[in-house]
Amino acid sequence: MTLVDAQAPIASPAAISLSEPKDFVALLKPRVMSLVVLTALTGLVVAPVTMHPTLAVISILAIAIGAGAAGALNMWYDADIDAMMTRTAKRPVPTGRVSGEAALAFGLALSLLSVCLLGLASNWFAAAFLAFTIFFYAVVYTMGLKRSTPQNIVIGGAAGAFPPMIGYAAATGTVSPESIILFLIIFLWTPPHFWALALFKLRDYGTANVPMLPNVAGERATRIQIFAYSLVLAPVGVAPFILGYAGPVYGAASILLGLNFLRHAFAVLKMADGDAKMIPAKKLFGFSILYLFGLFAMLLVDAALKVALGG
């Protein structure tokens, strides 16, 4: 032992670890994971192949773990940004409750586990699709797009839109136009959802130097883009019914939800520049979550009705 080693301070218990199980759960982004589970389950259920219930449950669990792994890797890399934003400052890594190294190791371990589990429970095409999705979210979006372009949410939104396709692939070993429609619903939903958030969190993103659309193009351009995407999203949301993939129950629900989405988006469009309260943007953000959950929940209800009616 050298003199330097002998004089080195002994680490305090707090320096060793402040982590609790709930902190590692928070790394998984449970709210995002719940949406992933719903959309992946929908993709699996609407597939024209019936999986063994046990294998189906394991497959959905694997996809959920993969989503959590991507969330942990995102929080590891974005700790510097998260520390500067009120919405994310209390996350486990920026607060020091989980070290960056632990978050990285946790995310990588869960990534490997999820891909292997899905491959063994369903097929390796679905497992490779899951691996690509984790890579796309953690590397392409988090490490690349998020800090470099105001179109980060548009392109990066594909990662959040893949789960129903992965669920479908878990059941069938392939993808189809039906699963692509489910992908498009989430893909088109993502920009108005996150840009509504970016409007009323504009200062946060500015402080963190994240080039979200309102900070780069301005509030008016963002409001126009939100409404434009909403105009496309609403009919795409009805497409499963129009194309015969879903029944009239889903059709009625999707039309009502789409009209309400457009109503909120139009209110955002009519907002004045510099609106301090941003009430329409906050309402759109809140409703957009209900919209997506509603669409996919109704697809599950529709599938259940088809089974009950022998369809």
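User: Which residues have the most contacts inside the largest nonpolar core?
Analyst: Keep in mind this is a predicted model. The largest nonpolar core has 79 residues, and Leu118, Ile185, Trp189, Trp195, Tyr291 and Phe296 have the most contacts inside it.

User: And which helix gives the most to this core?
Analyst: That's helix H12, residues 177-200, with 12 residues.

User: Switching topic: where is Asn123 found?
Analyst: Asn123 sits in the loop between helix H8 (100-121) and helix H9 (124-144).

User: Buried or exposed?
Analyst: Asn123 counts as buried because its relative accessible area is 17%, and the cut-off for buried is under 20%.

User: What's around its side chain?
Analyst: A polar atom of the Asn123 side chain lies 3.2 Å from the backbone nitrogen of Phe125. Beyond neighbours within four places in sequence, Asn123 is in contact with Leu118, Ala169, Ala170 and Gly173. Leu118 is also one of the residues with the most contacts inside the largest core.

User: Now the whole chain. How many helices and strands?
Analyst: 17 helices and zero strands. The radius of gyration is 21 Å, close to the 19 Å from the globule rule for 311 residues, so the chain is as compact as a globular protein of that length.

How values were computed
Residues numbered from 1 in each chain as written. Predicted model: local features only at pLDDT ≥ 70, side-chain atom pairs only at ≥ 80, totals over all residues. Heavy atoms only, no water. Helix = DSSP H or I, 4+ residues; strand = E, 2+ residues; numbered from the N terminus. Buried < 20%, exposed > 50% of the residue type's maximum accessible area, 1.4 Å probe, protein only. Polar contact = N/O pair within 3.5 Å; in protein donor to acceptor, adjacent residues only side chain to side chain. Contact = heavy atoms within 4.5 Å. Core = buried A, V, L, I, M, F, W, Y, C linked by side-chain atoms within 4.5 Å. Rg over C-alpha atoms; globule rule 2.2 N^0.38 Å.
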